[in-house]
Amino acid sequence: MGEVTTNEAYLPFRDYRTWYRVTGSLESGKLPLVVAHGGPGCTHDYVDSFKDIAALDGRPVIHYDQLGNGNSTRLPEKGPDFWTVGLFLEELDALLSHLGIQHRYAFLGQSWGGMLGAEHAVRRPQGLKALVIANSPANMHTWVSEANRLRQELPKEVQDTLLKHELAGSLTDPEYIAASRVFYDRHVCRVVPWPPEVARTFAIMDEDNTVYRNMNGPTEFHVIGTMKDWTIENRLDRIEAPTLLISGKYDEATPLVVRPYLERVPGCEWVLFENSSHMPHVEEKQLCLATVSGFLSRHD
């Protein structure tokens, strides 16, 4: 492969703007891959490694920061009624049209991004030729019960600290944040210290957690936002696009959490990464990228 080009720009969306970046060429003839970050309320930074697929197989890889996050318009004044699944589906459609790829594209969503991808795919868009669901719940109730089961395996003093601050409502206390980090280091990203791009996402969220706070809540296991009752389980049989499901052995998205995709999406394939938690694209980067690239290449 020669040098891979990158191009950053903004898409006008409603009264705002959405930042995106294309790695590789949309003229390559290869199925373009759109990558959606998680959260809701993270940024593209921690899923940045997927751009290396452009060098692996020559396909263009598109990252974007969803509205309210990262390089896109920040809207700290907006409340829960603004931050909806519908908003982000509309933004995705706008991005596909803006790039002129709405008739032929692949989509990879990580965590919340995969939930968004599933919501997109059940509408059976004609242009969606391949779908990758990475480390995503299909039902938030299952996600929370599994997160709390994993939490019960943490050292007792860590659990006690978490509970103490949740009862007191002191969720920004450094002690609570440090205790939460024990869970994150086990079940979110097991690379210590966190790679710069992962740390960057969390630093940006610390500075503005509007979307995460409204839709999720303060932490991964304390989900009190608007997504708390979300499920797509009973709609998954509508997905027509070829689907790859990936997750990690130590993932907060446990086998129970991801199982509905495997059981209900027709023909879904599942790859479990043995040395990863919630970020195989960071924890087992080469293997993860090769796995995704191989899957997409079958649908070029």
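The structure is a predicted model, in which local features need pLDDT of at least 70 and side-chain atom pairs count only at pLDDT 80 or more, whereas totals for chains, interfaces and linings use all residues. Residues are numbered from 1 along each chain as its sequence is written, and side-chain values use heavy atoms, with hydrogens and water left out.

The UniProt record, an unreviewed entry, places the feature "domain: AB hydrolase-1" at residues 32-284. UniProt positions are given in the numbering used here, feature names are shortened, and annotations may be inferred rather than shown by experiment. Across residues 32-284, 40% of the chain is helix and 13% is strand, where helices (H or I, at least four residues) and strands (E, at least two) are DSSP runs numbered from the N terminus. The end C-alpha atoms of this stretch are 23 Å apart.

In soluble globular proteins, nonpolar side chains tend to be buried together. A nonpolar core is here a set of buried Ala, Val, Leu, Ile, Met, Phe, Trp, Tyr and Cys residues joined through side-chain atoms within 4.5 Å; buried means under 20% relative accessible area, exposed over 50%, and partly exposed in between, with a 1.4 Å probe and protein chains only. The largest nonpolar core holds 52 residues, of which Val34, Leu67, Trp83, Phe88 and Tyr261 touch the most other members. Helix α2 (residues 85-99) supplies the largest share of this core, eight residues. Beyond its neighbours within four places in sequence, Leu67 is in contact (heavy atoms within 4.5 Å) with residues including Phe13, Tyr16, Trp83, Phe88 and Val211. Another core, of 42 residues, lies apart from the largest one, and Val47, Ala54, Ala130 and Leu150 are among its members.

Helix α5 has 13 residues, and its end C-alpha atoms are 18 Å apart, in agreement with the 18 Å that 1.5 Å a residue should give; the expected span of a helix is 1.5 Å times one less than its number of residues. Val158, Thr161, Leu162, His165 and Glu166 are the buried residues of α5. They cover an arc of only 125° around the axis and therefore lie on the same side of α5, the arc being that of the directions from the helix axis to the C-beta atoms. These buried residues pack against α4 and α6, while the face turned away from them carries the exposed residues Lys156, Glu157, Leu167 and Ala168. Gly169, with a positive phi near 75°, follows α5.

Helix α6 (residues 174-187) has 14 residues and reaches 20 Å from its first C-alpha to its last, close to the expected 20 Å. Its buried residues are Tyr176, Ala179, Ser180, Phe183, Tyr184 and His187. Seen down the axis, the buried residues of α6 fall within an arc of 150°, so they line one face of the helix. An α-helix has 3.6 residues a turn, so residues three or four places apart point the same way. The cover over the buried residues of α6 includes α4 (140-151), α5 (156-168), α7 (196-207) and α8 (210-215). At the N-terminal end, Asp173 caps α6 through a side-chain oxygen that lies 2.7 Å from the backbone nitrogen of Glu175.

Two polar residues in loops are also buried. Arg59, in the loop between α1 (53-57) and β4 (61-64), counts as buried at 0% relative accessibility. Its side chain is joined to that of Asp57 by a polar contact of 3.0 Å and to that of Ser297 by one of 3.4 Å. A polar contact is a pair of N or O atoms within 3.5 Å; within protein, one must be able to donate a hydrogen and the other to accept it, and residues adjacent in sequence count only if both atoms are side-chain atoms. Asp48, in the loop between β3 (33-36) and α1, is buried with a relative accessible area of 12%. Most residues other than glycine have a negative phi, and most peptide bonds are trans. Phi is positive, near 60°, at Ser111, which lies in the loop between β5 (105-110) and α3 (112-121). Phi is likewise near 60° at Asn135, in the loop between β6 (128-134) and α4. The peptide bond from Gly39 to Pro40 is cis, with omega near -10°.
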